[in-house]
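Trainee: I would like to learn how to read a structural model feature by feature, with the general idea set out before each case. Could we go through one together?

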Amino acid sequence: LEKRRIDSEREIRLNKRTAPETYLHVAAVTRDAAGRLSLQGEGEGDVVEWLVVMRRFDTDLILDALTERQGAQVLTPVLLSDLARHIAALHDSADPTPDKGGGTAMRTIVLSNDDHLRMFPQVFSDPKAIANFTSQSLRFVYQTSPLLEARRTAGFVRFCHGDMHLGNIVLLDNKPTLFDCIEFSDAFAAIDVLYDLAFLLMDLIDRGLVADAHRLLNAYLMAMTWSDLEEHIQGLALLPLFLSCRAAVRAHVTARMLYNQTLSEGAKGRLTEQAHQYFDLAQAMILPTAPQIVAIGGLSGTGKSTLAFRLAPHIGPLPGAVILRSDEIRKKILGSDPLTPLSEDAYTPEVTAQVYAKQLDLATLAIRAGHAVILDAVFARKEERLAASQCAKTLRVPFQGLWLDAPIETLKDRVTSRTGDVSDADAAVVDLQSTYDVGTITWSVLDASRSLDSLEKAALALC
């Protein structure tokens, strides 16, 4: 009974970090001399149970149910950005647990997955596939142990949510809200913050929502302070391991559900298929993918960012290339809110030079982490374009420069119709940019006035 009280109070305390209006308090159930039960404050007697008191919410607004009913359109860019900031705020405030995590913890997870996958030979019938997967995973842990340990000692192993997937996120007042975190196991919750995020990314990828997983990851990174952003971009080297481990856990947990004697044959068939899908995903995610740099340039309104987000899920390791957008970097350098317009002083040649230099610094960190990068900027000067290609050459990775072009009136129409965008460009900026002498464009020139589908297809053929 005392353990129940402690766990109930812990559940309230931990979940109030993200859902304070849902998790209210702990209440005692008492039994009086006549055997009547009552809630604390409503009667007297001995405590016989402890309850977690919550405010009820509409379960139809849980994101897994919403996406199953309405499809991917539920996960709008605004919602994913809000969710990324919500997660980042939790991770920023979570208590560091430097005695947990690191290489030892990840090795334990890999070996535990191996044991559990072998427990279900009727589902995972190829022991060689399991052995090969475990071997690859252990090799990955060994190679990245210095980084795992560095992140642990730097404070990035924290008491996180621990069970972050679409089924534990609900829309409250139209804002995505995490609930039902792990309170009963330090081993499950005291983890690297990127391993915490990896569960949700894997869940989205498994559902075929790779573009949404990418947008969430990119928004999460951009919600960081400069120092944490650089640390997490280096931490992307661990993402294939984190994603793969999450998928493997779901594979054997799903297989265990088959032991429910009340299941129909149809339900068992669906669970078996789902377990296979998770294991296939786990095996695919641990495989190495070559990094590369893609740069997208062009005047404001050509659709650089739109194209970047469409290309990114198809480039590099899952869930796709990191997009380094000059507009976001500029506002980050100046300490400005992303949606707050900047003054003309923010666009001096000196500030712009800082922006392009920082963009390449971050790209270098990402490439060295084995990830792919898309550079999104105007790249109006020959020197800026040359620096981007030279960065790739120095890092010995493939480079593709894309230059988007469209009629000036089209660009003006696009920038004036923007809402809620980080870019400050308007029709006057387009007029100014149209006077630039951009020099000879050696990058692949694409007509950006065509349909997005056509533009994406043409760009992907080059990348």
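Trainee: Is Thr-177 buried or exposed, and what is its relative accessible area?

Mentor: The general idea is a cut-off on relative accessible area: buried means under 20%, exposed over 50%, and partly exposed in between, with a 1.4 Å probe and protein chains only. Thr-177 has a relative accessible area of 9%, so Thr-177 counts as buried. Please keep in mind that this is a predicted model, in which local features need pLDDT of at least 70 and side-chain atom pairs count only at pLDDT 80 or more, while totals for chains, interfaces and linings use all residues. Residues are numbered from 1 along each chain as its sequence is written, and side-chain values use heavy atoms, with hydrogens and water left out.

Trainee: Which residues is Thr-177 in contact with, leaving aside its neighbours within four places in sequence?

Mentor: Contact means heavy atoms within 4.5 Å, and on that basis Thr-177 is in contact with Thr-18, Ala-19, His-86, Asn-168, Ile-169, Val-170 and Leu-172. There is also a polar contact to consider, that is, a pair of N or O atoms within 3.5 Å, where within protein one must be able to donate a hydrogen and the other to accept it, and where residues adjacent in sequence count only if both atoms are side-chain atoms. Here a polar atom of the Thr-177 side chain lies 3.1 Å from the backbone oxygen of Lys-175.

Trainee: Where is the place of Thr-177, and how many bridges join that strand to strand 5?

Mentor: Helices (H or I, at least four residues) and strands (E, at least two) are DSSP runs numbered from the N terminus, and two strands pair if DSSP finds at least two bridges between them. Thr-177 belongs to strand 6, and strand 6 (residues 175-178) runs antiparallel to strand 5 (residues 169-172), the two being joined by 4 bridges. Within this pair, Leu-178 in strand 6 stands opposite Ile-169. The hairpin of strand 5 and strand 6 has 2 residues between the strands, and Asp-173 there takes a positive phi near 55°.

Trainee: Which strands run parallel to strand 10?

Mentor: Strand 8 (residues 293-297) runs parallel to strand 10 and is joined to it by 4 bridges, with Ile-296 opposite Asp-376. Strand 9 (residues 322-325) is likewise parallel to strand 10, through 4 bridges, and Val-322 has Val-373 as its bridge partner.

Trainee: How should I read the length of helix 14 and its buried residues?

Mentor: As for direction, an α-helix has 3.6 residues a turn, so residues three or four places apart point the same way. The buried residues of helix 14 include Val-351, Val-355, Gln-359, Leu-362, Ala-363 and Ala-366. Among the elements that cover the buried residues of helix 14 are strand 8, strand 9, strand 10 and helix 15 (382-395). Helix 14 is followed by Gly-370, which has a positive phi near 85°.

Trainee: How many disulfides does the count come to?

Mentor: A disulfide is a pair of cysteine sulfur atoms within 2.5 Å, and by this rule the count is 0. Cys-245 is in no disulfide, and the nearest cysteine sulfur, that of Cys-160, is 15 Å away. Cys-245 counts as buried, at 2% relative accessibility. For Cys-463, the closest cysteine sulfur is in Cys-391, at 16 Å, which is too far for a bond. Cys-463 counts as partly exposed, because its relative accessibility is 29%.
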